[in-house]
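The sequence and structure come first.

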Amino acid sequence: MPGFLGRRPLFHLGRPSQQAHAAHFDRRRRQRCGARSAAGAGASSKEGPFNVVVTGSSKGIGLALAREFVRAGDSVLICSRNASQVAAATEDLQRLAASSALAGPTQVIAGAPCNVANPAEVAALADFAHDRLGTVDIWINNAGSNAYKYSTLTELDPADLVNIVETNLLGVMLGCREAIRVMRTQATGGHIMNMDGAGADGGATPRFAAYGATKRGLAQLGKSLQAELKMQGINNVGIHNLSPGMVTTELLMSGTDTSTAKFFVNCLAESPETVAEYLVPRVRRVPAESRSLGGISSQYIRYLTKAKAYTQILMRLVAGQRKNRWVAEDQ
Amino acid sequence: MHFGPGGLPGYLQRLQRCYTRALLNAVDSVGFSPNKALPFYSSNTALDGLHKPVGLVLSSAYVLAAACHLSGVADSLAWLPILTGGSLGALYAALNRAGMRRFWRAPSAGLNVVITGSGRGIGKALAREFLMAGDRVMVTSRTAAGVQRVMAELREEVSPDVWVSGIACEVSDPDSVVRLASAARLQMGSVDVWINNAGYSGSFQAFLDATPEQITRVVQTNLLGSLLCTREAIRLMSEQELGGHVFNMDGAGADGLATPQYAAYGATKAGIAHLMGSLKHEARLLDTPVGIHTLSPGMVLTGLLLEGASEINKKIFNILCEQPETVAAFLVPRVRTVVARKQASAYIRFLTLGRALQKFAAAPLRTQRFFDKEGKAVYLPERERILGKQVQRTERLAARAARRSRELAMAYSLSLAIAYLIIVVDSVTSTIT
């Protein structure tokens, strides 16, 4: 099993600075002479390394997730609407891979500009992933938007509404469709992770009504797709949910202007890195753990569970913990 | 004992007068004037509503007497089940009437109503029902030709002098929605009710078989369309002195349960149903009262539902489906009541879980209602149902849907069953002792 052995960290231990160039060059060379066969030969086992696609991953939680996967030795394809941000993030990940202890010679880091709401671009992204990574083991539909503002529906610009609905709901639908198309033909199958968000559990989301509605729709979509895959006898593709909780990204911080919002952000929010550190190992266990009779059981991986949230609020009220943690509160 | 002025005879006289008045009130509440109880279904004949209470009293008496007779009890007390059944029937009829009168309320003036996607199906049926109730309606469809056609049809079906207007509108296009809102304000002066009905299912098929164009259209028409229209409607209404009411249409998936074969549709409807909770909070910040509501039409026999339906689907349709005009007859009086009562948010459901279970229980009686064994449609086209052969049937179904009161009916059935049990137990214990 040369491919399998080839993924072991043979010569990346130590001397990261000198290795960076060599590894980069190595990757470039392999890409030129057909990474498909190279990576395909090392078809992923259930324990990894995995080939991972993360959408909307040039910043925020998407980039943090990508970094965690890279650190774990996985091949990662990132994408975002903004080509220059993708290029910068890809370089950042390549640097990280070069300095990472677990990075193997078959590790591929790639990036591509992609608007997830555009069917042709998503299809091209899936094909690109298939070509570059060989197989796609994990596809994370992370791209999400709240137009970076919190306001009532009436104050929101119609163009923002279009953007929110198309990115959050249509984008995930198209992503699922293309990911299933690629994964169903793979012997090892694959796993799709959809990011939930406020509103997914049905709770009201005033001041970001459109965002909440799309996330509620996503939670329902996962159930339907899982049922359809079962009906069609596609038992090598799983649909799962990731719940990052409150993450201190632009998306959240744009709405932290009232004292209540500040209180909850300080109480409950975590940095993207902390959340990714928690989520990625659990995501990487999904291929091994979610096998069940006649298919794949759906998993819901939550960072901020209810128990955790209530404990943190209680500790804040009782012991004043986490006050002014992210934003300064008045008083 | 002190009997007041006139001593005992005076007291008895007053008592008698009191009883007579109560009796007259009861008779009045039972029947004779359906117009009062159901203002939306003005009927010309005064005796029209009478068959119901009388029928109820007689049938209740008969059912209980027959049941007791068949179980071989109470032969010596033949009058008891008849009397009990009759009085239960009368009580139910009176309560039903009183409840109806208490619950139903018509707006003080005709409403100005905007309904998106009303070129056909349930949107058109809603428009027709509003027009029949005397409201002014603005219809929309994606094409100008569609708008002209539906306006002509509505005038023919209801009356040539109803106030109906229309404009072509693509609900997923922000500019088009703005044009609709300004046209509505210009032509009607104000908008009291705005119903986001436009919807697209993308046909029954596996999600993987759906084209990206279909998926895009489902998301844009259903969720984006509802958001854009709701936004525009609330903006318009918040400038009106009396506010207004926005209604969104839910659909399969709104409860968060899986909807295989129409995954995209279900996801958008789950989002739409979620919207009400958030917007209810946001509406409190407005200066004028804008109500945010959701309508749930259940399964309606329209193009949206039938596209790509399989034979198994059609078997389910036979059991659960209703024609759009029947559903509209249920929804519209309730929408008008919501407006008249100035409710802040309401969820009006036609097909509740209880109703669906009831229908499944009666499934053997409901086969081939709309489709025969080969899945061929056996129902008449809309025109025949509204204007042609089936007018009376349609009106009967509509009237039944409009005055549905399940809780009371359940209480009635239950009390009848309890009465039967008591009589049986009483008879058994008396024969033992």
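In this predicted model, strand E1 (residues 51-54) of chain A runs parallel to strand E4 (residues 138-141) of chain A, and three bridges join the two. A:Val52 has A:Ile138 as its bridge partner in E4(A). Strands are DSSP runs of at least two residues and helices (H or I) of at least four, numbered from the N terminus; two strands pair if DSSP finds at least two bridges between them.

Both strands belong to an open sheet of seven strands in chain A, ordered E3-E2-E1-E4-E5-E6-E9 with parallel pairing. Strand E3 (109-113) and strand E9 (300-302) of chain A are the edge strands, each pairing on one side only. From one strand to the next the twist averages 20 degrees.

Contact means heavy atoms within 4.5 Å.

| Helix of chain A | Strands of chain A | Angle |
|---|---|---|
| H4 (residues 60-71) | touches E1, E2 (75-80), E3, E4 and E5 (190-195) | about 165 degrees with E2(A) |
| H8 (residues 209-231) | lies across E5 and E6 (237-243) | about 160 degrees to E6(A) |

At the interface, 45 residues of chain B are in contact with 45 residues of chain A. The rule finds zero salt bridges there (a side-chain nitrogen of Lys or Arg within 4 Å of a carboxyl oxygen of Asp or Glu).

Residues are numbered from 1 along each chain as its sequence is written, and chains are lettered from A and ligands numbered from 1 in the order in which they are written. Local features need pLDDT of at least 70, side-chain atom pairs count only at pLDDT 80 or more, and totals for chains, interfaces and linings use all residues, while side-chain values use heavy atoms, leaving out hydrogens and water.

Methods:
Axes fitted to C-alpha atoms, helices over the stretch in contact; angles between N-to-C directions.
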